[in-house]
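Let's take a friendly walk through a protein model together. Keep the sequence and the 3D view side by side as you read, and find each element as it comes up.

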Amino acid sequence: MSEVTKGSGDGEWVVAAGDGNCRRTIAEVGAVRVQWTLKSENWLQKILFQRSLNTVRRLWITDMENSTSVAGSASVSLNSDNLNGSHSDMSYEENDNDGDDATDDDCDIYGDDDDYIYDDNDDDYSSLQKQFDNVDLPTGVEASVSWLKDPAPGSNTSTPVSVPLEGGSVGIPASAAAHAPSIPASLSCKTEAIASSSSSVSAESSCNEREKEEKKVEVMKKYLDFKQFDVVDDFSDHHYNKMGVEGQPSKFWSKKIQDEWKILEKDLPDTIYVRVYESRMDILRAVIVGPQGTPYHDGLFVFDVLFPPTYPEIPPMVYYYSGGLRLNPNLYDCGKVCLSLLNTWTGKGNEKWVPKSSTMLQVLVSIQALILNAKPFFNEPGYESRYVGEEGEWKARSYNEDVFVLSLKTMVYTLRRPPKHFEDFVTGHFRSHAHDILSACRAYMDGAVVGSVVEGKIQDGGKNSTSPEFGAAIRRMINGLISHFTKIGAEDCEQFRCS
């Protein structure tokens with residue numbers, strides 16, 4: 001509840017919100033002096049406070065137009081249902097850089113892509129703010145907003161009573177009802193428009209709800225119908241869009257790429273999705289779903305591929321969209337993928353690229369199975385022999401905790417910037433898996449081992465103690481995830497929110 005009160009001076013109003021207050025003096029339109037203090041950190045009070053400032057301006061303008069002043073200290077109640085502004089400065093910001101700053105000289109060849117860097121800055125409550133903005137009624141008319149509950153009993157607010165107008169009502173705190181000002185006769189001509197406005201908002205709200213439901217159904221249908229392999233046109237956001245084969249490629253090269261397409265179309269596993277480009281046979285894009293039982297579970301990991309002019313004599317080039325996060329020893333924050341099959345790491349025999357037998361499908365499956373595995377700590381060269389027994393297991397669990405936090409950040413990064421041609425898949429995937437991800441977060445906060453939660457259920461032997469730092473990191477992220485999942489249509493996510 002926020003209140004707007006007529007001040008003692010001409011053109012002076014007082015806005016009270018929560019346990020703070022603001023005195024806003026308006027000398028003339030366009031020249032505003034503001035002095036305010038808002039002690040309450042409650043996000044709802046901040047929104048109400050901003051809306052109150054907008055209402056002050058509206059009341060003042062009305063006051064000027066009608067040459068009428070509100071007598072004494074009578075207050076116009078701004079019930080939380082009566083929010084008339086259409087803009088707000090409220091923002092939510094969280095800065096938590098848990099990323100690994102590891103670098104590598106080889107990363108220079110992968111270039112810089114500032115548009116694809118994960119950023120923690122986020123407005124967790126923008127969806128709620130939009131709902132406030134949708135309620136655009138004339139000053140003094142109370143709108144019914146079902147998603148906003150009345151203040152809790154006993155809170156330090158005045159109970160409004162209604163002073164009837166022909167087309168609506170003005171909320172007046174009970175303590176000031178006896179001194180309520182008379183309604184100027186000049187307002188009577190506006191009552192019909194007020195009533196019409198209220199009806200329009202109700203009809204529009206119902207229409208918006210229908211449209212939202214229809215959109216949800218459409219998005220999920222696109223997700224369920226999403227092909228694992230498909231040919232598309234637009235490659236404008238591809239990492240290698242300015243590189244590739246110059247001139248007319250050889251027939252042998254073209255046939256080899258077509259053979260790769262056929263293999264991918266036929267044999268892709270259920271959790272790998274590929275898009276190739278009709279006008280650019282030398283590039284493709286793959287999205288890999290993080291395997292269950294690993295710290296990468298339920299995540300989406302995006303890779304761009306370039307087939308060089310001499311392919312298959314040399315392996316394809318692969319770029320990983322990291323968002324600036326290093327969540328695996330083999331996946332650099334610069335986009336480099338370290339894998340023997342790509343000749344970017346040492347290997348023996350068939351571990352390395354064999355021109356006559358190696359395929360793109362092998363590369364994608366190897367990334368999923370060998371890189372995104374259950375204990376990526378041991379992917380670091382020499383660690384498997386250096387850290388053995390209990391020490392190795394402890395370090396592997398600790399590393400998995402860090403990785404899972406980075407995987408959550410990668411989810412947010414992917415939701416914000418879904419790869420072209422995968423927008424419907426990204427939305428549908430996270431909408432469908434939101435509860436699994438959030439259930440895992442809560443289980444890990446309660447001590448479950450990272451990777452032990454499959455489809456929201458802890459597997460046998462999954463209980464253990466996780467570090468306090470890990471629990472705190474999950475707690476900092478989970479509410480933001482809930483907001484992101486809710487924005488894309490995931491339902492009943494609020495049950496996982498941390499207070």
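**A sheet and the helices around it**

Start with an open sheet of five strands, which follow the order S8-S9-S10-S11-S12 with mixed pairing. Two strands are said to pair if DSSP finds at least two bridges between them. The element names also come from DSSP: helices are H or I runs of at least four residues, strands are E runs of at least two, and both are numbered from the N terminus. At the edges you will find strand S8 (229–232) and strand S12 (317–320), each of which pairs on one side only. From one strand to the next, the twist averages 20°.

Before going further, please keep in mind that this is a predicted model, where local features need pLDDT of at least 70, side-chain atom pairs count only at pLDDT 80 or more, and totals for chains, interfaces and linings use all residues. Residues are numbered from 1 along each chain as its sequence is written, and side-chain values use heavy atoms, with hydrogens and water left out.

Now look at strand S11 (residues 300–306). S11 and S12 run antiparallel and are joined by four bridges. Within this pairing, Leu 306 has Met 317 of S12 as its bridge partner, and Asp 304 stands opposite Tyr 319 in S12. S11 also pairs with S10 in the antiparallel sense, over seven bridges. There, Leu 306 of S11 has Ile 283 opposite it.

Is S11 mostly covered or uncovered? It is mostly covered, with seven of its seven residues buried. Buried means under 20% relative accessible area, while exposed means over 50% and partly exposed lies in between, using a 1.4 Å probe and protein chains only. Both faces of S11 are covered: Leu 300, Val 302, Asp 304 and Leu 306 are buried on one side, and Phe 301, Phe 303 and Val 305 on the other.

Helix H4 (residues 251–267) lies across S8, strand S9 (272–277) and strand S10 (280–289), and runs at about 25° to S10. Helix H8 (residues 423–445) packs on the sheet too, touching S9, S10 and S11, and its direction makes about 155° with that of S11. For angles like these, axes are lines fitted to C-alpha atoms, for helices over the stretch in contact, and the angles run from 0 to 180 degrees between N-to-C directions. Contact means heavy atoms within 4.5 Å.

H8 has helix partners as well. Two packed helices are described by the angle between their axes and the distance between the axes. The axes of helix H7 (residues 389–416) and H8 come within 12 Å and cross at roughly 155°. That makes H7 roughly antiparallel to H8; angles under 35 degrees count as roughly parallel, over 145 as roughly antiparallel, 65 to 115 as roughly perpendicular and the rest as oblique. H7 passes H8 in a left-handed crossing, meaning that the near helix is turned anticlockwise from the far one by less than a right angle, whereas clockwise would be right-handed.

Which residues make the contact between H7 and H8? From H7 come Phe 404, Leu 408, Met 411, Thr 414 and Leu 415, and from H8 come Val 426, Phe 430, Ile 437, Cys 441 and Tyr 444. By class, this contact of H7 with H8 has nine nonpolar, one polar and no charged residues. Here Ala, Val, Leu, Ile, Met, Phe, Trp, Tyr, Cys and Pro count as nonpolar, Asp, Glu, Lys and Arg as charged, and the others, Gly among them, as polar.

Ser 407 lies in helix H7 and is buried, with a relative accessible area of 1%. Leaving aside neighbours within four places in sequence, Ser 407 is in contact with Pro 295, Tyr 296, Phe 301 and Leu 327. Thr 410, also found in H7, counts as buried at 2% relative accessibility.

Finally, H8 and helix H9 (residues 468–487) have axes that come within 10 Å and cross at roughly 160°. That makes H8 roughly antiparallel to H9, and their crossing is left-handed.

Stepping back, the chain has nine helices and 14 strands, and buried residues make up 47% of its 499 residues.
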